[in-house]
Amino acid sequence: MKKYVVILFILLSFGNLKAQIKFEVDLLQPGATIAPDMYGVFFEDINFGADGGLYAELVKNRSFEFDQPFVGWLPFGDVSIKNENPCFNRNPHYVRMNETGLRRGTGLENEGFRRIGFRENAAYNFSFYARSLDGGQKKFKIELVSSKEEIIGREEVLVEGEEWKRYSVSLTAGETDAKGKLRLVLETPGIVDLDHISLFPAETWKNRENGLRKDLVEALYDLKPGVFRFPGGCIIEGNTLETRYQWKNSVGAVENRPLNENRWNYTFKHRFFPDYYQTYGLGFYEFFLLSEDLGAEPLPVVSCGLACQYESTECVPVGDLEPFVQDALDLIEFANGPVNSEWGKVRAEMGHPGSFNLKYIAIGNEQWGEGYVERLIPFMKAIREKYPEIQIIGTSGPAPDGEHFDYLWPKMDELKVDLVDEHYYRSPEWFLENAKRYDTYDRNGPKVFAGEYAAHPQSRDNNAFSAIAEAAFMTGLERNADIVRLATYAPLLAHVDAWQWKPDMIWFDNLSAVRTPNYYVQQMYARNSGTYVLPVTQNGENIAGEDGLYASAVFDEGSSEVVTKVVNAGSLSKDIFISLNGLQAPLNGERVQIIELHSNVPEAVNTLEKPNTIVPVPSFVEAGKDGFTIKAQANAFYVCRIKIK
Ligand code: AHR
C-alpha cells in the first residue's frame, strides 16, 4: 500500500496525473443542419464605413451638396456656389470659377476623408462635369499634393463648350502619402462651372468604376461570409423620417443619387462629425453586387415607418404606410424581378440582368413597442401575398432581454415572422455567461438572427479577451444551429481617425486596414462551419462555461472531417482529450489540423502598426486510436479538424 502511495505522490509531483479532461463527440447522433449562410457580416455606414471607407471615392462632398457647400473644400480666387441650370437635378449645386487673369490662381483643394491616401506609382482616375460659360477652351491643372505640400502628380484637363460634359484624366502618384489632398487650378481667364468632382484609385475591387476599396473588400472576402446584412442599423431609420435610408435614392446614375445626412453625424457629443453625409455612391445595386461577389446571401433592411426611436418619436401613421410597403415590394422586384418589370429593368440597366436571388428582407431595425407590431403587419401581409418565398425578419428591440424584448418575442411568434433579429452589445463576461442562451429556446417558433453583437470590454477595444468571449458564446450558436439560423457581428468597419462607435471588426486608415482578433474569430467560424452539428459533452453535459471551457462540434460532409471548436477562457492551460465516439475505423496516426487564436495578454490588440499580434496559428497533432489531445492554453480559441473514415 505504502508503495502505491509513493508512486502516486511521485506522479502527482511531476504533474503527470492531472485529472483527465475528456470531451466526447458523438458521431452517431447527427444534429441540426448548419445553414451554409449562418455566419455573415453586417454593414452599416457608421465610422465612415461607406463614404471615406469601403466606397473608394477619395473626394469629400464631390457634388457640393453638404449643408455648408464648401465643407471638404478650400476654394481660392473667385469661386462661388450656384444652382441655376444644374448638371444634376437631384444634386443641383455646383461651383462657378471665375479666373480674371489678375489673380495668381482660381481653384479648389479637396481634403478628402481625413485627407487622401496616395500610393507611389498607383494610378488615380480624376473626373468632373464642366461647362465653359463663353464656350471657349479653358485649361485646368489637376494636382495630387502631398502632406508636405509637394506636388506628387499633375495633369491637365481642357474644358470646351457651353454644355455640361464629363471630362476625365488619369494621374499617377509619385510618392506614398496617407495624408495628401487634391488641387484643381483654372489657368485660363474666363468662367467655368464644375460639378461632381471625383477621384478614385484606378485599382478597386475587381477594378470596377465607382468601385470599392480593394483591401477592405478582400478582408470581407477572406471572411467567407454566408450572409450580408445592409445598409444598417440605425441609418435605415434616420434621426428623422426624412433622413431615413431610402433605397430608391441609392440606385441609378451615381451623380444623381441625392445626398443624405448620416445619422451618426451628431449622435455622440464626444464624437462630433458635422461632415458626415451619405452620397449613396455605395448604394443598393453595389450592395447586392458585393453580396454576390462575396458569395453571401443579401439581407437588406428597410424602414418600417418609424424614425430611430432613440432620437425621435416621429412615425408614419399606420394608415399612411402604403408607400413604405410599396418600397419593400419594389426592392424585392429590384433584386429578383424580370428585366421587363419596372424595377428589374432598373437593375438590368445598371448592368445586372440576372436576379440577385434575394431570399430575406428585414422590416425595421431596433424598433420597439406596439407601434412596431402594428406597422409590421401590413408589410407582412403584402410581402406574403406577393412574394411568399421571401423570409421576413422582425425585431426583438435593441437589447437581448428586458421589457421590449419580452414584449416583442411573443408578438413575433404570433405574427409568424420567419426570423427574429436579436442584438447584444454586452460585456465579455455576459458573453461567457450566455453560451447556454439558446439551449432552452422554443424550437417551434421563429428562428433567431443574431443580427448585431459584439463583446464590449470596459476599454471598448477589440482585444483578445473580447474575441475569446465571443468565440465562447458562438459555441452556443453553433450547438443550437436548429434555432439560430444567422449571426452577424457588428459594426464591421471603422476609420481610425473618424469613428463614432467601437469595438468594430476591421479598422482602417487611408491606406491600410487591420483585422482585429474578433475578425479572426468570425473567420474561424465561417471557414469551419461544417454541414451538421454533432453533440460534444463532458460528463454527459454541454460544455458551456464549466472551468472556463466551451466547445461545439460539427461534421463537414465535403471533407469528411469532424470539426471541433474549443475555447479556454480560464486562466490555466489545460490538456483536453477529444474522444470521437462511434468511429468506424481507428484514427491511429491521422493528422489533426489545429488552428489556434491565443494571447497571454487579454488586453492585447492588433493595430495598423502591428497587425499580426493576435492571428490564427496553424499546427498539427497526431490522433490516437479514438481521439486526440490538444493543449488548450488560457485565453485561447481552437478549431480542430480531423478526417474520419
Ligand atoms: O451597430 C451600431 C448600431 O447599434 C446600429 O446602427 C444599431 O442597430 C445598434 O444600436
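Author: Helices (H or I, at least four residues) and strands (E, at least two) are DSSP runs, numbered from the N terminus. This is a predicted model, where local features need pLDDT of at least 70 and side-chain atom pairs count only at pLDDT 80 or more, while totals for chains, interfaces and linings use all residues. Residues are numbered from 1 along each chain as its sequence is written, and side-chain values use heavy atoms, leaving out hydrogens and water.

Reader: What is the orientation of H2 to H4?

Author: Helix H2 (residues 214-223) and helix H4 (residues 284-294) pack with their axes 9 Å apart, at an angle of about 50 degrees. Axes are lines fitted to C-alpha atoms, for helices over the stretch in contact, and angles run from 0 to 180 degrees between N-to-C directions. Angles under 35 degrees count as roughly parallel, over 145 as roughly antiparallel, 65 to 115 as roughly perpendicular and the rest as oblique. Therefore the relation of H2 to H4 is oblique.

Reader: Which residues of H4 make the contact?

Author: Contact means heavy atoms within 4.5 Å. From H2 come Val217, Leu220 and Tyr221, and from H4 come Leu290, Asp293 and Leu294.

Reader: How many charged residues does the shell around the ligand have?

Author: The residues around the ligand (a heavy atom within 4 Å of it) are Phe42, Glu44, Gly233, Cys234, Trp264, Asn365, Glu366, His423, Tyr425, Glu452, Pro491 and Trp501. Ala, Val, Leu, Ile, Met, Phe, Trp, Tyr, Cys and Pro count as nonpolar, Asp, Glu, Lys and Arg as charged, and the others, Gly among them, as polar. By class, the shell has 6 nonpolar and 3 polar residues, and the number of charged ones is 3.

Reader: How far is the ligand oxygen from an N or O atom in the side chain of glutamate 44?

Author: A polar contact here is a pair of N or O atoms within 3.5 Å. A side-chain N or O atom of glutamate 452 is 2.7 Å from a ligand oxygen, and a backbone N or O atom of cysteine 234 is 2.8 Å from one. For the side chain of glutamate 44, the distance to an oxygen of the ligand is 2.5 Å.

Reader: Is the peptide bond from alanine 490 to proline 491 cis or trans?

Author: Most peptide bonds are trans. Proline 491 lies in the loop between strand E22 (484-489) and strand E23 (493-495). With omega near -20 degrees, the bond from alanine 490 to proline 491 is cis.

How values were computed
A polar contact is a pair of N or O atoms within 3.5 Å; within protein, one must be able to donate a hydrogen and the other to accept it, and residues adjacent in sequence count only if both atoms are side-chain atoms.
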